[in-house]
Amino acid sequence: MKQTINFILNGEPVSVEVEPHLTLLQVLRDKLELTGTKEGCGMGECGACTVLLNGKTVNSCIFPALEADGKSVMTIEGLTDGQGHLHPIQKAFIEYGAIQCGFCTPGMVLSAKALLDENTKPTEEEIRHGIAGNLCRCTGYLQIIEAIKAVSGQ
Amino acid sequence: MKKFEYLKPHTLDEALILLDQYGGRARLIAGGTDVIVMIKQKEISPDVLISLQEIPDLDRINYNGSLSMGPMVTHRAIEKSEIIRKNFSALTDAVDVLGSVQIRNVATIGGNISTAAPSADTAAPLLALGARVKLKSMKTERTIPIEQFFTGPGETVLQKDDILTEIIIPKPLPNTGSAYWKHQRRGALDLPILGVAVLLSLDKATVTCSDLLCTASPISTVLHSLEGDEVFCKEVRIALGVAAPTPMRAIDAEKLLRSKKISDELLEEVAETAAKEAQPRDSIRGEAWYRRDMIKVLVKRMAMKSIERVLKPEETVFPVRLW
């Protein structure tokens with residue numbers, strides 16, 4: 001039986017009818033057509049589907065859509081200011097070559113945001129701990145770590 | 001993914017009624033990081049999921065010497081709790097290396113032990129900390145030691161109409177330290193080859209060394225150069241994960257150490273006994289002989305780490321580094 005869920009998506013209230021077995025990722029991509037969030041493994045291992053739920057990172061591919069009801073969700077589309085200006089984390093990723101194929105990037109950037117929101121000056125170890133749930137097969141992570149350090153002014 | 005209904009009761013009683021009503025067709029869901037994956041992998045196929053997210057207070061942590069946690073406390077909440085870090089360190093060690101931040105933000109301690117994977121990271125620390133769990137159905141409510149909770153891989157004493165409602169860790173004796181080591185190949189997002197948790201209560205928290213440099217040395221050196229000062233073990237619990245079909249206590253090893261004077265040699269003997277007691281199996285992650293060998297190494301190290309956390313609390317390093 002379909003149910004209606006209401007939540008704040010990238011700052012705007014949305015109301016969407018969903019089947020109870022859908023994941024948040026399916027609702028974001030297929031119903032709301034926000035395809036910035038990627039599906040990698042689909043099992044909560046790779047972090048490509050990372051979104052922020054009430055400011056905390058979650059793997060949307062294994063998160064029941066109905067649990068987003070009443071919450072606030074931020075996807076990579078919500079990170080820019082709407083005028084086409086990139087977020088400082090996105091700028092740093094470009095500047096430091098922290099992107100190659102780009103598939104892990106939306107999730108990685110959101111994990112970086114959640115980390116920096118909580119800890120404005122993370123050590124390298126804390127950065128590694130914070131992004132451990134986001135696999136990147138291109139960069140070898142070093143550029144990503146450099147980019148995150150740069151955003152935090154280190 | 002298979003279709004299912006998704007129910008969100010607002011009270012525990014409502015959840016118990018639903019569980020009773022649907023019987024084996026329903027499955028409880030907490031964070032869902034196990035349940036949704038198991039449905040996707042076609043290991044389970046419930047018609048109904050009953051979510052515990054909307055039930056108030058199940059995510060509470062209460063501390064008044066002893067610790068009470070609701071089943072919906074996330075691993076992230078445990079990781080961030082200074083009280084748990086300080087008083088129940090083995091549990092912090094475990095959640096620090098469990099999954100990823102994304103997983104820890106939603107996965108719960110109740111879910112971790114109810115799934116009852118032999119590799120469940122919080123199981124061995126809870127055994128070492130002497131935890132008890134409260135189980136509630138419409139008819140009964142009972143509290144049992146966590147040793148009796150696990151009955152096999154993926155199996156627990158939970159009946160289909162039971163809900164795990166509370167995890168209680170008793171107040172530790174004075175001068176108690178505990179530590180858990182997850183032996184894994186990667187630094188994160190891995191399952192343990194072996195999990196070793198130790199809790200030790202000492203008869204004192206300060207010692208005098210004959211050697212001035214002693215306090216800066218590893219604990220084994222400290223134990224060697226005590227100045228007529230002897231350290232006794234008042235209480236000890238040793239717990240192993242992935243060392244038997246269920247998380248287990250190494251009872252014989254504990255007996256060897258309880259009420260004895262602690263020495264390097266005795267700890268070695270204790271670790272060897274624990275290795276003999278374990279019943280590890282060959283699996284894709286490691287062979288039985290290797291697991292046994294590592295139990296010898298890690299039981300001793302976790303005992304040392306526990307002693308270190310009593311004698312040198314200010315040096316306690318998180319996330320865990322062995323030395």
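Which residue of chain B forms a salt bridge with Glu67(A), and how far apart are the closest N and O atoms? The partner is Lys8(B), and the closest N and O atoms of the pair are 3.7 Å apart. The model is a predicted one.

## Interface of chain A and chain B

The salt bridge between Glu67(A) and Lys8(B) belongs to a contact region made by 32 residues of chain A and 33 residues of chain B. Together the two chains bury about 2600 Å² between them, and carbon and sulfur atoms give 53% of this area. On the chain A side, the residues that lose the most area to chain B are His21(A), Glu67(A) and His129(A), which together account for 24% of what that side buries.

How many salt bridges cross the interface of chain A and chain B? The count is three.

## Domains of chain B

Chain B is assigned three stretches: domain 1 covers 5-51, domain 2 covers 61-169 and domain 3 covers 176-311. The C-alpha centres of domain 2 and domain 3 of chain B are 22 Å apart.

Contact between these two domains of chain B involves 24 residues of domain 2 and 23 residues of domain 3. About 1900 Å² is buried between domain 2 and domain 3 of chain B, with 61% of it on carbon and sulfur atoms. Three salt bridges are counted between domain 2 and domain 3 of chain B. Elsewhere in the list of charged pairs, the side chains of Arg249(B) and Glu147(B) form a salt bridge with an N to O distance of 2.3 Å.

## The second largest pocket

Rolling a probe the size of a water molecule over the atoms shows where empty space is left. The second largest pocket holds about 1100 Å³ of space. Its lining consists of 42 residues, and those nearest the centre are Lys56(A), Arg76(B), Ala77(B), Lys80(B) and Asn105(B).

Which elements supply at least two residues each to this lining? From chain A they are strand S4 (56-59), helix H3 (105-118) and helix H4 (124-130). From chain B they are helix H3 (75-80), helix H4 (82-87) and helix H6 (101-106). The largest share, five residues, comes from H3(A). By class, the lining of the second largest pocket has 15 charged, 15 nonpolar and 12 polar residues.

Terms used
Residues are numbered from 1 along each chain as its sequence is written. Chains are lettered from A and ligands numbered from 1 in the order in which they are written. This is a predicted model: local features need pLDDT of at least 70, side-chain atom pairs count only at pLDDT 80 or more; totals for chains, interfaces and linings use all residues. Side-chain values use heavy atoms; hydrogens and water are left out. On a 1 Å grid over the protein atoms alone, a cavity is a set of points where a 1.4 Å probe fits but cannot get out, and a pocket is an open set with protein on both sides within 12 Å along at least five of seven lines; lining residues have an atom within 4 Å of a point. Grid points are joined across faces, edges and corners, and a volume is the space filled by probe spheres set on the points. Helices (H or I, at least four residues) and strands (E, at least two) are DSSP runs, numbered from the N terminus. Ala, Val, Leu, Ile, Met, Phe, Trp, Tyr, Cys and Pro count as nonpolar, Asp, Glu, Lys and Arg as charged, and the others, Gly among them, as polar. Domain bounds come from an automatic or database domain assignment. Contact means heavy atoms within 4.5 Å. Buried area is the accessible area (1.4 Å probe) that two parts lose on being put together, summed over both. A salt bridge is a side-chain nitrogen of Lys or Arg within 4 Å of a carboxyl oxygen of Asp or Glu.
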